[in-house]
Amino acid sequence: MLAKVMSCALVGLDGVLVEVEVNIARGLPSLTVVGLPDAAVQESRERVRAAISNSGLTFPHQRLTVNLAPADLRKEGPAYDLPIALGILAAYGQVPVEALEGALVVGELSLDGGVRHTRGVLSVANAAREAGLERVFVPLANGAEAALVPGVEVYPVDHLISITEHLLGLDVIPPFDRDAQPDDPPPLDHLTDMAEVKGQEHVKRALEVAASGSHNVLMIGSPGTGKTLMARALPAILPRLTIEEALEVTRIYSVAGMLPADTPLIRQRPFRAPHHTISYAGLVGGGRWPGPGEISMSHRGVLFLDEFVHFSSRNLEALRQPLEDRQVTLSRAAGSVTYPANFILVGAANPCPCGYYGDTLRACTCTSSAVTRYRGRISGPLLDRIDIHVDVPRVEYEKLSNLQTGEPSEAIHARVQAARERQAERFARAGVNMTCNADMGPRELRELCRLDEDGQNLMRSAMHQMQLSARGYHRVLKLARTVADLEGAPGIQSHHLAEALQYRARQDHA
């Protein structure tokens, strides 16, 4: 007898429907899985056999053939365990075949029949909705995650017996209650507060501008001046994720298998801080079938690269395309996948190998050639893609010893949120689908970032003196637009442009 069960494969962030066909025929007892399965799928034969037997059900001792269609799409992971088991039970007559029509099933089985957590369930539920399927059976641990997708009924399954009884109509599994999910975003009180940063007011201002327009930042200063502390305080002043952005981030973490079991929807912007020894695949993404790397895990959040200069040249240059296109495409022999990579890059570096070039108290011991080689490890094209370059000087004793705290992150966050809302309103009036100034292209710059006569004269002089490239020119306009949004000004004025230009001036001697 033949039975069919719908399941799903992951290709990048997208789900692709897979039809699990199970055929029972006469012959020596065997279980063969075909359809380009990987090792984990091949091992499902033993998991499925043990799960069915240990659940008190009958495993047919006949010749079983399982086909995963389409056969030219590689199948990876243990998520096919549950649909294969149900297909075998349906083919053997223990479960009605018609009960599986219009349903999609995913889940890993333990040897006792329990259903374990599976990655990528958000993409699976979305694929089911787009295919017109009405029901999705997912592991109990993934129920809240799958329920984020409207238009499909989600049935959380904890054991093979429970779904068998559901299909037989003996003990029906209630669909997941979407109304029980919390809607309020989590508080930010566990994040580093800007109030704990002593001094460095100009750097905090630069980070506020970066957060308001999603601009990239490079901080250069001696060791111990607070670069890392301020970078870690940046998430607390970033605007809240919208629901659409939260779903984007959640899909990435779900596919990567890094979505916490108690957090079905990520509501805080990611903050990723990989060590400078990270591999190319770890940063960009990779694998036999490429998975997301740190730059995609930072989507809609912050990618903090401490000791920026010590990252390998290959890794640093790999950032150039994502910083420009806001996505990364990985091509392998098995195919190509594209992951989103719209993040704020925050780099922190010392000014020289010893770390004290230009320090007010300690003398630098590096030769001029050593300083030049050290700074030359960051290429000009990469520096050109970083909007804000800021010096981080040594903090004076009077400021460090002062018991009074600075402006809290909550106050800065309110200004940043207001600036983002102004940008969203402006983009909505212009009919463009954007969320922040850093996403603007040449057409949007031409229409939304016009300069008055004083601004044009200032920019003309800056283009000549600072030798700005076309990209640098556009990024200065974006920065000036963000500064104007923070002030609530309807247009870019000369003092907005002047502040934006001084953030680029550091590049001339970086």
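Figure 1. Glu307 is partly exposed, with a relative accessible area of 29%; by the definition applied here, buried means under 20% relative accessible area, exposed over 50%, and partly exposed in between (1.4 Å probe, protein chains only). The model is predicted: local features need pLDDT of at least 70, side-chain atom pairs count only at pLDDT 80 or more, and totals for chains, interfaces and linings use all residues. Residues are numbered from 1 along each chain as its sequence is written, and side-chain values use heavy atoms, with hydrogens and water left out. Glu307 is found in the loop between β14 and α12 (313–318), where helices (H or I, at least four residues) and strands (E, at least two) are DSSP runs numbered from the N terminus. Although Glu307 is not a glycine, its phi is positive, at about 50°. Arg300 likewise is not a glycine and has a positive phi, of about 65°. The loop that holds Arg300 runs between α11 (294–297) and β14 (302–306). Arg300 is buried, its relative accessible area being 16%. Most residues other than glycine have a negative phi, and most peptide bonds are trans.

**Figure 2. The cis peptide bond between Ala69 and Pro70.** Ala69 and Pro70 are joined by a cis peptide bond, with omega about 5°. Pro70 belongs to the loop between β4 (63–69) and α3 (81–91).

Figure 3. Ser110 sits in the loop between β6 (108–109) and β7 (115–116). With a relative accessible area of 9%, Ser110 is buried. Not counting residues up to four places away in sequence, Ser110 touches Arg47, Ala51 and Arg116; contact means heavy atoms within 4.5 Å. Gly132 occupies the loop between α4 (121–130) and β8 (135–139). Gly132 counts as exposed, because its relative accessibility is 55%. A separation of 9.0 Å lies between the C-alpha atoms of Gly132 and Gly151, which are 19 residues apart along the chain.

**Figure 4. The largest nonpolar core and Ile388.** The largest nonpolar core has 50 residues. Such a core is a set of buried Ala, Val, Leu, Ile, Met, Phe, Trp, Tyr and Cys residues joined through side-chain atoms within 4.5 Å. Met219, Val346 and Ile388 are the residues with the most contacts inside the largest core. Leaving aside neighbours within four places in sequence, Ile388 is in contact with Ala206, Val209, Ala210, His215, Asn216, Val217, Leu218, Leu479 and Tyr503. A second, separate core comprises 42 residues, including Val5, Leu73, Val115 and Ile163.

**Figure 5. Arg475 in helix α20.** Arg475 is part of helix α20 (residues 470–487). Arg475 counts as buried because its relative accessibility is 5%. Beyond its neighbours within four places in sequence, Arg475 contacts Asn216, Leu323, Glu324, Asp384, Arg385, Asp387 and Arg504.

**Figure 6. Packing of helix α7 against helix α17.** Helix α7 (residues 201–213) packs with helix α17 (residues 409–430) at an angle of about 35°, and their axes are 8 Å apart. Axes are lines fitted to C-alpha atoms, for helices over the stretch in contact, and angles run from 0 to 180 degrees between N-to-C directions. The α7 and α17 crossing is right-handed; a crossing is right-handed if the near helix is turned clockwise from the far one by less than a right angle, and left-handed if anticlockwise. From α7, Glu208, Ala211, Ser212 and Gly213 meet Ile412, Arg415, Val416, Ala419, Arg420 and Gln423 of α17. By class, this contact has 4 nonpolar, 3 polar and 3 charged residues. Ala, Val, Leu, Ile, Met, Phe, Trp, Tyr, Cys and Pro count as nonpolar, Asp, Glu, Lys and Arg as charged, and the others, Gly among them, as polar.

Figure 7. A disulfide is a covalent bond between the sulfur atoms of two cysteines. Here a disulfide is taken as a pair of cysteine sulfur atoms within 2.5 Å, and by this rule the count is 0 disulfides. The cysteine sulfur closest to that of Cys364 belongs to Cys352 and is 3.6 Å away, too far for a bond. Cys364 is partly exposed, with a relative accessible area of 27%. For Cys366, the closest cysteine sulfur is that of Cys354, at 3.6 Å, which is also too far for a bond.
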